[in-house]
Amino acid sequence: MSLLDILLVAIRVAFAAFVPLCFIAVCVWMERRGAGFFQDRAGPNRANIFGFRAAGLVQNLADGAKLFFKEDVISDHIQHKFYFVIAPLIVFFTAVVSFAVVPFADTLVLNGKSYIMQGIPIDIGILWFLALAGFGVYGIILAGWSSTNKYGLLGSLRSTAQVISYEIPMGLAIVSLLVVYGTVNLNGMAQFQGQLLFGFIPMWGIILQPVGFLIFVIAAFAETNRTPFDLAEGESEIVAGFHVEYSAMKFAIFFMGEYIAMFASSAIIVTLYFGGYQIPFLSTDTLITYAKPVAFLLMLGLPAGMYFFAGWIRKNNVSHYPRKNDPRVYEGNIYIKGFWGLVILLELILFAILLCKSGGAAAHIFVVLLQICTFLMKVTMMIFVYIWVRWTLPRFRYDQLQKIGWQVLLPAALLNIFITSAFVVALS
Amino acid sequence: MSAKVKTLERKGSSLAEKIYFVEIFKGMATTFGHFWRNLLDNSNLYVRHYPEVEPEIPVRWRGRHRLTSHEDGTVKCVACFMCQTNCPAECISIEAGERLDDKAEKMPVKFNIDLLECIYCGYCVEACPLDAIRMDTGIYSVTDNNRESFVLGLEELLQTPGAFSEEEYKKGGA
C-alpha cells in the first residue's frame, strides 16, 4: 500500500462519515428557514455572532449549545436503562453507516490504479442500505418500549407496523430496478445511468422506472418517518411518540439521526433514480477528455452566477424597516466580498487545470471533484423535496397509511416488476 | 322564514382526486409558489419584524390601566368601589380616605392593581361612573423581573398618560 492509497482511503472514509454530519446543519437550516418561507414568515434568523447571522445558520449553533447543556433526564420508572440509552445511538449509527455504500464520484484512476469513491468498498450496495435502513427502526422500537410510557409504546408500535408495510413495496421497487440495471452495486448503477437513451435522453432511473420511482420515494418517506408518514411522532395524538421520554443530547441524537437518515435516503434516491454523480449528457470519459473546455466554461459561469447571487444578497440581506446605518447592509457586503474571494480562489484552481496536461491526473481529480459537487447538489435538491413535501401535506390517518401500503403500493410494485421484466426480456 | 340551505360541493370523490398524485402536485405547486416568491424577495413576508416594528394599537384596545384626573390635577376617582366589586379577577384593591378638595366626599388613598391577576376584561372601565379608570394607555407589553413590580400603585396609575386624544377616545365608543 503506497502513501497515495492510504490517503485516498482516509479521504473517502472521512467523506462518508463527515459529510452526513455536516449536512445535519444544512438540513435543519433548510427545514426551518424553508418552512418559514413556505408559510410566508421568516423562520429563525435572529441568532447572530457579532451581528453576523449567516442567513440563520447561527441558530443551529445556539440550538446545539442549548441541547448540549440541558439536563439529561432518565426517569426512575425506566427499568431497562441500557436499552433506553442505546436506542438513539442505534438510530444515529445506522443512519450514518447506511450512507457508506453510496458512491459520490466515479472510480478515480490514478497511475493506472483505480480507487472506488465510496465509504466502504463492498459490492452489495443497495442490499446494505436496505438492511441498515430496516435496522434503524430497531432504535425507534427500543426507544418506545424502554420508555415505559404509553405514548412512547404507541409511537414505536406505529413505526413497526409502518416499516413492515413499507419495506415490501420498497424492496419490490428495487427488484424492478435491479432487473433494469442488472447489478446491485450502486457504482455500477450510477455508471449505467451515464448512458443516453435514444442518443439524447440521459438514461436515469426516473425515466426508465417512473412508477418504481414514485413507489420508492413514498416508501423512503415512510422509512425515514417524515411527513406525511410521521405517525410514529404524531404530536397531535401521542405527544412526541417514541422520543417522548428523551431529553437533552439523547433527544438531539434522535433528531440528528433523523436528518442523517433523510440525507442518506436522499443520496440513495439520487443514486438509484437521478443518475447519482453523473452530470447529464457528460459521462465520466467525456468529462476527462474535455476537462479543459468544461473548466473554461465553469470559469465563465462562476462570476456570472456570483454576480446574480451578490445582487440577491444585496436585495435580501437588509432590515425591512427604517433603520439608520443598517448593520445588515454592512453584513451583506462582507458576505459578498467573502463569496467573491471564494470565486477568485475557484477561478485560480480552474486556471491551474487549464494549464495542466489534458487527460492527466489533474483532469481525473478535477472530474471527481466536479462529480462530488454534482452529487451533493442533487442530494440537496432531494432533501429540499423532503422538506417541501413536509410543509405541504398533512399527516395520513393510520388506516389510510396501511391501505396505501398494502392495497396500492404493493400491487403497483408487483405489476411494475412484471411489466419491466417483460420489457427487458423482449428487448434483450 | 325558512332557513337558507347552502349545499357545499364535496371534493375528493372523483377518480383524479382519489389517485392523490395530481392533487398532491397541485398543492406542492402552490406551496412552492410561496417559497419562491419569498426566497427571491423576502420583503414579501407577511410577518412584522416585531421588537423593532411595533403593532398599531387601536383606540378600543384594552391596554394597561390608568387613572384619570380633573383639569386641576386632582384624581377623578371617588373610591366608590364599583370597579373592585365588578372585577372578576379580583385584582383591584382600593382603600378609601376623606377628601379635602371639595370635589366629592371620598378619594382613594391606596389604589392597587395586580397586573398578574388582571385578565384585561375592561369591566372596571365599564363600571366606573366617573370615567376615572381607563385602559387607553396603549401599553401591551408588560414585563419585569419580579412579582412585586407588577402591582401598580395610585401614583403610577395617575402618572401614566393616555395614548389617544379625548376626541379619538370618545369616537372609539368607550
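Axes are lines fitted to C-alpha atoms, for helices over the stretch in contact. The structure described here is a predicted model.

Two packed helices are described by the angle between their axes and the distance between the axes. In chain A, helix H1 (residues 3-38) packs against helix H10 (residues 248-273) at an angle of about 100°. Their axes lie 9 Å apart. Angles of 65 to 115 degrees count as roughly perpendicular, and H1(A) and H10(A) are therefore roughly perpendicular to each other. From H1(A), the contact draws on A:Pro20, A:Phe23, A:Ile24, A:Cys27 and A:Val28. H10(A) supplies A:Met256, A:Tyr259, A:Ile260, A:Met262, A:Phe263 and A:Ala264. By class, this contact has eleven nonpolar residues, with no polar and no charged ones.

H1(A) also takes part in the contact between the chains. That contact takes 14 residues from chain A and 18 residues from chain B. On the chain A side, H1 and helix H12 (291-316) are the elements that give two or more residues. H1(A) gives the most, with three residues. By class, this side has seven nonpolar, four polar and three charged residues.

Chain B contains an open sheet of three strands. Strands of a sheet pair through backbone hydrogen bonds, either parallel or antiparallel. Here the order is S2-S3-S5, and the pairing is antiparallel. Strands S2 (92-98) and S5 (151-152) of chain B stand at the edges. Each has a single partner strand, so one side of each is left without a neighbour in the sheet. Strand S3 (residues 106-114) of chain B pairs with S5(B) over two bridges. B:Ile113 stands opposite B:Leu152 in S5(B).

Methods
Residues numbered from 1 in each chain as written. Chains lettered and ligands numbered in written order. Predicted model: local features only at pLDDT ≥ 70, side-chain atom pairs only at ≥ 80, totals over all residues. Axes fitted to C-alpha atoms, helices over the stretch in contact; angles between N-to-C directions. Helix = DSSP H or I, 4+ residues; strand = E, 2+ residues; numbered from the N terminus. Parallel < 35°, antiparallel > 145°, perpendicular 65-115°, else oblique. Contact = placed C-beta atoms within 7 Å. Nonpolar A, V, L, I, M, F, W, Y, C, P; charged D, E, K, R; others polar. Pairing = 2+ DSSP bridges.
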